[in-house]
Amino acid sequence: MRMIMADQRHGEGEMEHSKKPFFFSSFNPFLFVLIFLPSLVLVSLVCKLDLEVPWTTGLDKVFSSFAPHLLDPAALDLKGHSFSSPIEGSQKTVPENKEHKGKDATSGISRVERYTKLEKIEEKLVRARAAIREAGRVRNLTSVHDDPDYVPRGPIYRNPNAFHRSYLEMERLLKIYIYKEGEPPMFHEGPCKSIYSTEGRFIHEMEKGNSYTTNDPDQALLYFLPFSVVNLVQYLYEPNSHDVNAIGVAVQDYINVISNKHSFWNRSLGADHFMLSCHDWGPRTTSYVPLLFNNSIRVLCNANVSEGFHPSKDASFPEIHLRTGEIDGLLGGLSPSRRPILAFFAGRLHGHIRYLLLQKWKEKDDDVVVYDELPSGVSYESMLKKSRFCLCPSGYEVASPRVVEAIYAECVPVLISESYVPPFSDVLNWNSFGVQIEVKDIGNIKEILRGISQSQYLRMQRRVKQVQRHFVINGTPKRYDAFHMILHSIWLRRLNVHIQD
């Protein structure tokens with residue numbers, strides 16, 4: 001018997017030695033003071049923040065609880081070269097620390113040049129925000145911008161025109177500096193053939209160099225911290241110890257190195273820096289550096305708002321399990337008329353959501369087909385390709401590779417999770433091609449899915465095929481693919497920050 005399972009080796013990204021992190025298990029006043037208070041004090045000294053206005057979205061209630069809405073034109077405030085966060089309704093303005101404008105504090109020329117470059121960068125971002133805001137006023141379902149490769153259209157997007165304009169502005173302006181410090185394999189490398197492959201593939205593409213990277217840090221809009229949490233765990237974690245202190249200290253030491261050697265971290269208190277991790281311990285690792293946790297852009301598969309994920313500054317990206325490193329044979333599926341299975345899931349018992357799903361549906365229904373272990377001779381991919389809906393419950397953590405597996409198989413994804421922000425949800429309207437089922441409604445899965453009409457299902461399935469391009473990992477990245485969509489999510493968060501003197 002050969003069971004083809006997305007979480008066969010690592011249990012949905014949670015290694016067998018791990019358990020729910022103590023840091024997030026419950027509110028702890030001591031940890032709050034230790035981790036959050038120092039950062040808040042620093043931010044209060046250098047940033048203008050307004051945390052009183054809640055963010056809103058234009059989504060239906062199904063996916064609206066946590067999804068950011070960064071492309072709402074009403075959220076762009078261009079007065080005084082400021083950018084109002086559409087999620088918090090806040091303006092985050094980070095003044096430049098003059099003590100770090102140059103290595104030679106006595107050199108007035110160096111300080112003026114550095115300021116001029118920063119000012120030019122921010123001025124370009126002001127114009128980009130204005131262009132996106134103007135484009136967002138167009139409510140057509142098709143972008144009005146010309147593009148030889150692809151024109152966003154249809155309800156899979158919150159605003160096709162705003163997204164397209166933003167994407168084109170990103171292609172024109174985005175420059176990222178990758179810090180050279182750090183030795184492989186814990187830095188500058190990552191896994192490319194595992195459940196964490198999106199982490200490794202992104203690091204690989206950045207290190208390889210592309211039109212978005214620059215060797216001149218003064219020209220950069222963003223600064224990449226190229227550590228791999230997966231590799232840090234592999235080389236620093238002592239199995240069965242449940243102690244991740246060495247991993248957190250390694251990240252802490254790295255930030256100390258780059259902040260002492262370069263001026264850019266101190267200039268913005270990390271607000272224009274980003275890290276990326278698909279490991280379950282990614283969020284926990286960043287908590288060792290309060291400024292990284294609270295200020296920097298954290299690009300995470302484990303996008304859980306109950307564990308400190310902040311949609312206005314953090315970005316969710318997809319967990320994709322590439323066993324061979326390639327997507328050959330994964331894309332496509334049977335036509336809707338040849339999909340006899342209403343809903344399908346196969347996966348081991350990981351977390352309380354899986355427990356409830358298996359308890360209710362495991363091998364009990366011909367329409368809702370649920371296994372903890374596939375029967376001998378049954379292919380996991382073939383089951384996806386002949387199912388109408390694919391169940392994507394969270395495991396120990398919120399992210400699941402099944403979401404992308406469903407999209408690859410042209411099967412409508414059914415997300416069953418709590419506090420999860422789906423990937424690219426600042427751009428994509430997940431309601432148009434996916435279904436969200438609350439945990440309390442697991443027993444009603446069949447009734448809910450049966451309630452979706454045939455015509456509505458066909459529309460959703462066509463949209464799954466359309467949105468597929470945004471989740472595909474290509475050997476050489478192509479415009480609008482997963483690599484570029486991750487970059488676009490980071491770009492949007494950089495637009496939320498204005499660094500000024």
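1. A residue counts as buried when its relative accessible area is under 20%, as exposed when it is over 50%, and as partly exposed in between (1.4 Å probe, protein chains only). T213 has 19% relative accessibility, so T213 is buried.

2. This is a predicted model, in which local features need pLDDT of at least 70 and side-chain atom pairs count only at pLDDT 80 or more, while totals for chains, interfaces and linings use all residues. Residues are numbered from 1 along each chain as its sequence is written, and side-chain values use heavy atoms, with hydrogens and water left out.

3. T213 sits in the loop between α5 and β5. Helices (H or I, at least four residues) and strands (E, at least two) are DSSP runs, numbered from the N terminus. Setting aside neighbours within four places in sequence, T213 touches K175, I176, I178 and M206, where contact means heavy atoms within 4.5 Å. A polar atom of the T213 side chain is 3.0 Å from the backbone oxygen of N210.

4. Two strands pair if DSSP finds at least two bridges between them. Strands β6 (residues 273-277) and β7 (residues 297-300) are joined by four bridges, and M275 has R298 in β7 as its bridge partner.

5. Axes here are lines fitted to C-alpha atoms, for helices over the stretch in contact, and angles run from 0 to 180 degrees between N-to-C directions.

6. Another open sheet of five strands has the order β10-β9-β11-β12-β13, also with parallel pairing. The edge strands β10 (368-371) and β13 (435-436) each pair on one side only. Four bridges link β9 (residues 341-346) with β10; V368 in β10 is the bridge partner of A343.

7. Which strands does helix α11 lie across? Helix α11 (residues 351-361) lies across β9, β10, β11 (387-393) and β12 (412-416), and runs at about 120° to β10. Helix α15 lies across β11, β12 and β13, at about 95° to β12.

8. R463 belongs to helix α15 (residues 454-467). Beyond its neighbours within four places in sequence, R463 is in contact with P155, I156, S432 and F433. R463 and W430 are 33 residues apart in sequence, with their C-alpha atoms 9.9 Å apart in space.

Key. Polar contact = N/O pair within 3.5 Å; in protein donor to acceptor, adjacent residues only side chain to side chain.
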